Amino acid sequence: MEALKKPVRTIWDIPRPEQFAPGHNMCQGCAAALIMRMLMKVVGKDAIVVMGTGCVEVTTTPFPYTSWKNPWLHLAFENTAAGASGVEAALKALQRKYGVFKDRYIKVVAIAGDGGTFDIGLQSLSGMMERGHDVMYVVYDNEAYMNTGIQRSGATPLGAWTTTTPVGKRMRGEPRPKKDIIGIALAHRIPYIATANPAYPTDMMEKFRKAYETRGPSLVHVYSPCTPGWRIRNEHTIHVSRLAVQTGMWVQLEIENGKPRVTVKVPKRKPVREYLRIQGRFRHLTEEEIQKIQRMVDEYVEEINRWVGEQAIGPVVEE
Amino acid sequence: MSGVEAARRGLVARIDPAGHPLPLSEAAPGSAGRTGFWRTHRPVLEPARCVGCYLCWLYCPEDVIEMAEGAGPRGQAVPVIDYEYCKGCGVCVDVCPTRALKLVEEPIGEG
């Protein structure tokens with residue numbers, strides 16, 4: 001199966017063959033499984049998957065089995081991007097010295113979770129983006145270290161319960177807002193940055209395709225609901241993802257050569273209460289705390305609208 | 001022919017006399033065994049209500065849904081679920097626009 005060439009606009013543009021085998025260890029209703037499935041449909045067989053430790057890594061490759069039909073390399077949390085850089089450099093050297101893979105375009109696809117990107121792997125990611133390696137970096141963001149038991153990470157949003165930010169007298173969930181990885185990537189001036197969401201699969205696959213076709217480093221930041229960690233029902237994965245976009249908690253951005261664009265416009269925004277109330281990790285929030293998060297989201301949306309130069313995300317409309 | 005390729009061909013010929021380009025094994029379903037055992041509820045299709053929109057196929061995280069073209073009662077495509085690996089998460093039931101898919105409790109002691 002070749003990499004996708006033409007743009008993904010409708011469901012009929014999505015290829016039918018699968019590159020990612022079912023029957024892996026991921027939880028029931030895990031969005032990361034859906035993201036990996038869509039990603040492998042787009043990149044096809046001519047991709048080398050370089051994977052940092054994380055949920056997907058430990059669940060899809062229990063030794064000696066694997067769910068990946070592509071060449072696959074395991075790396076630790078901190079050196080995903082470094083390993084990907086090395087693979088890419090080695091491919092280039094093989095092409096130059098021995099002329100192998102002359103007629104094929106082989107892409108290195110690095111995949112890591114939010115812990116391996118926002119916290120532990122940030123230095124190697126920065127190095128990869130700075131050196132300009134031809135690597136597509138996909139981060140599936142489930143907003144905590146879910147695989148080791150829901151510890152907070154740099155991606156955990158304000159007010160979320162985790163096992164290391166418990167709710168009690170002294171602490172009311174995560175005290176700090178989420179780290180802005182898109183801003184960090186933007187500061188490296190890489191050619192393609194995007195945020196994607198599994199509730200909008202054609203949009204997500206189109207972003208994967210563009211990132212794959214970019215010559216140079218590209219980063220796709222994908223929102224990935226975690227059913228046990230977020231305390232949501234198994235079947236609500238897609239529902240929660242869609243609510244995140246509709247409430248403005250998550251904005252579908254695409255930044256090509258520094259030019260930002262909102263790909264999924266939301267003319268009427270829902271209040272964040274709807275998004276927070278459906279998740280068990282936000283159950284402790286009082287009305288004031290919800291209003292604080294609402295103000296934070298309002299400011300963020302205003303900032304995005306100023307940045308893209310249009311009213312991409314509209315005002316809150318109570319129904 | 002370069003040195004690396006000649007060395008590789010010799011090595012490959014020793015391992016794989018049939019002459020495949022490289023003796024690679026490919027991933028098959030079920031790296032974690034039959035994950036259908038995890039299921040407490042199973043999604044069941046009511047073909048008369050299905051409109052063949054492909055949304056369940058699109059959103060299935062486990063890629064166990066295959067669309068059978070023209071197999072529905074009105075000639076529409078209907079989902080065929082592989083219960084061997086379906087974990088019963090219910091995402092397909094949640095995204096179904098016509099409620100053609102329903103979650104039915106799994107009988108105890110079978111499977």
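Modeller: One term to start with: a salt bridge is a side-chain nitrogen of Lys or Arg within 4 Å of a carboxyl oxygen of Asp or Glu. Keep in mind that this is a predicted model.

Biologist: Okay! How many salt bridges are there between chain B and chain A?
Modeller: The count is 1. Arg16(A) pairs with Glu69(B), and their closest N and O atoms are 3.3 Å apart. That distance counts as a salt bridge because the cut-off is 4 Å.

Biologist: Which elements of chain B give two or more residues to the side that touches chain A?
Modeller: Those are helix 1 (3–15), helix 2 (55–59) and helix 3 (91–95) of chain B. The residues on that side of chain B divide into 19 nonpolar, 7 polar and 8 charged.

Biologist: What about the area buried between chain B and chain A?
Modeller: About 3,100 Å², and carbon and sulfur atoms give 58% of that. In chain B, Ser31(B), Trp57(B) and Asp63(B) lose the most area to chain A, together 22% of what that side buries.

Biologist: How many residues are in contact?
Modeller: 34 residues of chain B are in contact with 41 residues of chain A.

Biologist: New topic: what is the mean pLDDT of chain A?
Modeller: The mean is 92, and 100% of the residues of chain A reach 70 or more. Among the elements of chain A, helix 2 (residues 55–60) has the lowest mean pLDDT, 91, while strand 6 (residues 218–223) has the highest, 96.

How values were computed. Residues numbered from 1 in each chain as written. Chains lettered and ligands numbered in written order. Predicted model: local features only at pLDDT ≥ 70, side-chain atom pairs only at ≥ 80, totals over all residues. Heavy atoms only, no water. Contact = heavy atoms within 4.5 Å. Buried area = accessible area lost by both parts, 1.4 Å probe. Helix = DSSP H or I, 4+ residues; strand = E, 2+ residues; numbered from the N terminus. Nonpolar A, V, L, I, M, F, W, Y, C, P; charged D, E, K, R; others polar. pLDDT = per-residue confidence, 0-100.
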